[in-house]
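Please work through the exercises below with the sequence and the model at hand. Each task is followed by a worked solution.

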Amino acid sequence: MGLTSEMKLAVPWGHIAAKLWGSQQGPPVLCLHGWLDNANSFDRLIPLLPKDFHYVAMDFGGHGLSSHYSPGLPYYQQNFVIEVQRVVAALKWNRFSIMGHSFGGIVGGMYSCTFPEMVDKLILLDTLPCALDYKELAPLSAARSPAHPAEPATPQELENLLTYKRGMIEHMLQIEASQKPQRVLSPEEMLQGFLKNNSHVGEECARLLLQRGTTQVATGLVLSRDRRISLPEHSIDFVSRDLLVHFIRKLQAHVLLIKAMQGFYNVRRENDADKEALNLVKDILKSVLKEWFQYTEVPGNHYVHMNQPQRVAGIIGSFLKSSTLNQL
């Protein structure tokens with residue numbers, strides 16, 4: 001299934017770019033890429049998925065071919081959730097599925113909890129539906145089960161929310177004040193730098209992402225993404241366990257979580273190997289959603305959907321084709 005068209009949707013700060021596959025008459029699937037990636041993230045996967053669906057892969061604001069935010073505006077998780085609603089409204093979708101990789105899964109998860117009546121299926125590729133701030137939480141006990149949390153957020157949990165917000169604000173102001181010129185690199189220098197900073201991405205996939213993520217200038221290439229976008233923790237809305245349970249209870253979607261065995265386990269890269277958050281969220285999803293939640297592990301790293309798309313395509317295809325609209 002080849003690319004059918006490119007699309008640009010008007011927004012107050014410019015446009016949101018997207019790629020479309022398949023007939024617009026098919027059930028729609030919105031594909032959300034990861035942090036600093038772009039819509040080309042799905043180029044190798046979507047051709048392997050069922051042909052009778054309509055796939056739309058959007059570039060988040062400041063990524064790929066989408067416009068950068070206006071000066072002074074932050075790239076915050078909630079803004080990306082709003083972007084999803086803008087796209088859905090423009091396309092006049094009443095109900096659709098979401099497939100999100102990494103940060104795209106967090107955005108898709110938050111959208112699915114905020115607009116639960118809109119989302120039929122939620123596919124999470126090596127990601128979670130929310131970024132859980134679990135380090136300061138007491139161990140899960142029988143009295144505080146995933147389905148029946150009893151205690152309010154602790155003062156430390158509440159203080160953490162302010163810490164994250166402050167970090168985002170300080171980062172944005174610092175970048176705006178620096179005004180350093182864009183680095184111009186040769187195509188090979190750009191590729192090698194990208195591979196060095198993205199160890200999970202193979203060379204072929206790196207070229208795909210750079211194809212949509214760079215701009216040609218007179219003396220070489222520059223990254224086209226907005227430089228205000230840096231560390232994901234500056235933009236992600238970390239939530240407590242209680243908030244997570246509350247959000248998950250709002251879902252009206254079937255959820256498929258595909259975990260790459262050599263992928264990331266934590267947004268904070270220094271905790272990559274810590275599986276506690278994954279296990280906790282997985283238990284909550286299973287407890288609340290029951291048979292509406294499906295979990296599977298596949299060999300591969302964080303970009304398995306690009307590097308070895310055949311490892312996940314069959315799982316995703318079966319999930320998309322299983323059942324029709326959910327009945328509550």
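This is a predicted model: local features need pLDDT of at least 70, side-chain atom pairs count only at pLDDT 80 or more; totals for chains, interfaces and linings use all residues.

Residues are numbered from 1 along each chain as its sequence is written, and side-chain values use heavy atoms, with hydrogens and water left out.

**Exercise 1.** Determine which residues of helix α4 (residues 187-197) are buried.

*Solution.* Step 1: with buried meaning under 20% relative accessible area and exposed over 50% (1.4 Å probe, protein chains only), the buried residues of α4 are Met190, Leu191, Phe194 and Leu195. Step 2: these residues cover an arc of only 130° around the axis, which puts them on the same side of α4; the arc is taken from the directions from the helix axis to the C-beta atoms. Step 3: the face turned away from the buried side of α4 carries the exposed residues Lys196 and Asn197.

**Exercise 2.** Describe how helix α1 (residues 77-91) and helix α2 (residues 103-114) pack.

*Solution.* Step 1: helices here are DSSP runs (H or I, at least four residues). Step 2: α1 and α2 pack at an angle of about 70°, with their axes 9 Å apart. Step 3: that makes α1 roughly perpendicular to α2, a term for angles of 65 to 115 degrees.

**Exercise 3.** Identify which residues touch the most other members of the largest nonpolar core.

*Solution.* Step 1: a nonpolar core joins buried Ala, Val, Leu, Ile, Met, Phe, Trp, Tyr and Cys residues through side-chain atoms within 4.5 Å. Step 2: of the 59 residues in the largest such core, Leu30, Met58, Val84, Phe96 and Tyr111 touch the most other members.

Technical notes
Helices (H or I, at least four residues) and strands (E, at least two) are DSSP runs, numbered from the N terminus. Axes are lines fitted to C-alpha atoms, for helices over the stretch in contact, and angles run from 0 to 180 degrees between N-to-C directions. Angles under 35 degrees count as roughly parallel, over 145 as roughly antiparallel, 65 to 115 as roughly perpendicular and the rest as oblique.
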